[in-house]
Amino acid sequence: MVVYTVGTFDLLHVGHLALLEYCKTLGDVVAVGVASDKVVNSYKPNVPIIALAEREEMLKALSCVDIVRPYHELEYVSACKELNVDIFVIGGDWGDKPHNINVEEYLKSRGKKIVQVVYNPRTSSTKIKKDVIAQFQQRRDIETAII
C-alpha cells in the first residue's frame with residue numbers, strides 16, 4: 001500500500017516526524033509531496049526559509065520516507081495517479097478548496113482512502129519562525145537598553 005502526504009516541511013521538526021512515522025504505520029511505501037516556494041506562496045504570506053532541494057534532501061534521509069516528490073502546482077491528482085496512491089494523509093486544516101475537492105473525488109471514485117490527522121498546535125514551522133524573531137527582538141532590545 002502506498003501512503004501519500006503533502007506539505008511544506010520547512011524547518012523540519014518533531015511534528016513532521018510524528019506525521020511521517022504515522023504514515024509509515026498505514027502502508028508499505030510512504031511518499032511525500034513537498035511544496036515548492038511558488039506553491040507555498042499561493043496560500044501563505046511567507047515562503048519557506050529552507051530551499052526546496054534541501055527540504056527534499058532532509059526528507060529523503062528519514063527511514064520512514066520512501067519517496068520524495070516536489071510539486072510545483074497546487075493540485076494532487078497527478079501525484080496520486082503517478083504513485084498509485086492507496087491512502088492520502090491530510091491535516092486537520094484541509095478545507096474545501098477546489099484542489100482538495102478534486103483529489104477527494106478522484107480517490108473516492110477509485111475506492112482509495114483519505115485519512116485526516118490532527119496537527120500538534122505546539123509545533124509548527126510558523127511558530128518556530130515567530131519564536132526565533134521574538135528572541136532576536138528581545139536580545140536586540142536588551143542590547144539597546146545597555147548602550
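Predicted model: local features only at pLDDT ≥ 70, side-chain atom pairs only at ≥ 80, totals over all residues.
Partly exposed, in these notes, means a relative accessible area between the buried limit of under 20% and the exposed limit of over 50%.

**Entry: Asp66 and its partner**

I looked up what Asp66 pairs with, and found a salt bridge to Lys24, with the closest N and O atoms 2.6 Å apart. Lys24 sits in helix H1 and Asp66 in the loop between H3 and E3, so this pair links distant parts of the chain, 42 residues apart. Lys24 is partly exposed too, at 29% relative accessibility.

**Entry: other salt bridges**

How many salt bridges are there by the rule I used? The count comes to five. I followed up on some of them.

Asp37 forms one with Arg55, and their closest N and O atoms are 3.0 Å apart. Here helix H2 (residues 37-43) supplies Asp37 and helix H3 supplies Arg55, 18 residues apart. Is Arg55 buried or exposed? I found it buried, because its relative accessibility is 0%, while Asp37 is partly exposed at 32%.

Glu73 forms another with Lys38, again with the closest N and O atoms 3.0 Å apart. Glu73 lies in the loop between E3 and helix H4 (77-83) and Lys38 in helix H2, so the pair ties together parts that are 35 residues apart in sequence. For accessibility I noted Glu73 as partly exposed at 46% and Lys38 as exposed at 56%.

**Entry: the sheet**

Next I traced the strands. Five of them form an open sheet in the order E3-E2-E1-E4-E5, with parallel pairing. Strand E3 (67-71) and strand E5 (113-117) stand at the edges with a single partner strand each, so one side of each has no neighbour in the sheet. From one strand to the next, the twist averages 25°.

Then the helices on the sheet. H1 packs on it and touches E1, E2, E4 and E5, and its direction makes about 160° with that of E1. Helix H3 (residues 52-60) also packs on the sheet, touching E2 and E3, at about 165° to the direction of E2.

**Entry: strand E1**

Six of its six residues are buried, so the strand is largely enclosed by the rest of the structure. Val2, Tyr4 and Val6 point one way, and Val3, Thr5 and Gly7 point the other.

Which strands does E1 run beside? Six bridges join E1 to the parallel strand E2 (residues 29-35), and three join E1 to strand E4 (residues 87-91), parallel as well. On the E4 side, I found Val89 as the bridge partner of Thr5, and Tyr4 opposite Phe88. On the E2 side, Val3 has Val30 as its bridge partner. The chain gets from E1 to E2 through H1, and this β-α-β crossover is right-handed.

Last stop, the loop between strand E1 (2-7) and helix H1 (14-26), where I found Phe9. Most residues other than glycine have a negative phi. Phe9 has a positive phi, near 55°. Leu11, in that loop between E1 and H1, has a positive phi near 50°.

Where do their accessibilities put these two residues? Phe9 is buried, because its relative accessible area is 3%, whereas Leu11 is partly exposed at 23%.

Note on methods. Residues numbered from 1 in each chain as written. Heavy atoms only, no water. Helix = DSSP H or I, 4+ residues; strand = E, 2+ residues; numbered from the N terminus. Buried < 20%, exposed > 50% of the residue type's maximum accessible area, 1.4 Å probe, protein only. Pairing = 2+ DSSP bridges. Right-handed = clockwise from strand over helix to strand, strands pointing away. Axes fitted to C-alpha atoms, helices over the stretch in contact; angles between N-to-C directions. Contact = heavy atoms within 4.5 Å. Salt bridge = Lys/Arg side-chain N within 4 Å of Asp/Glu carboxyl O.
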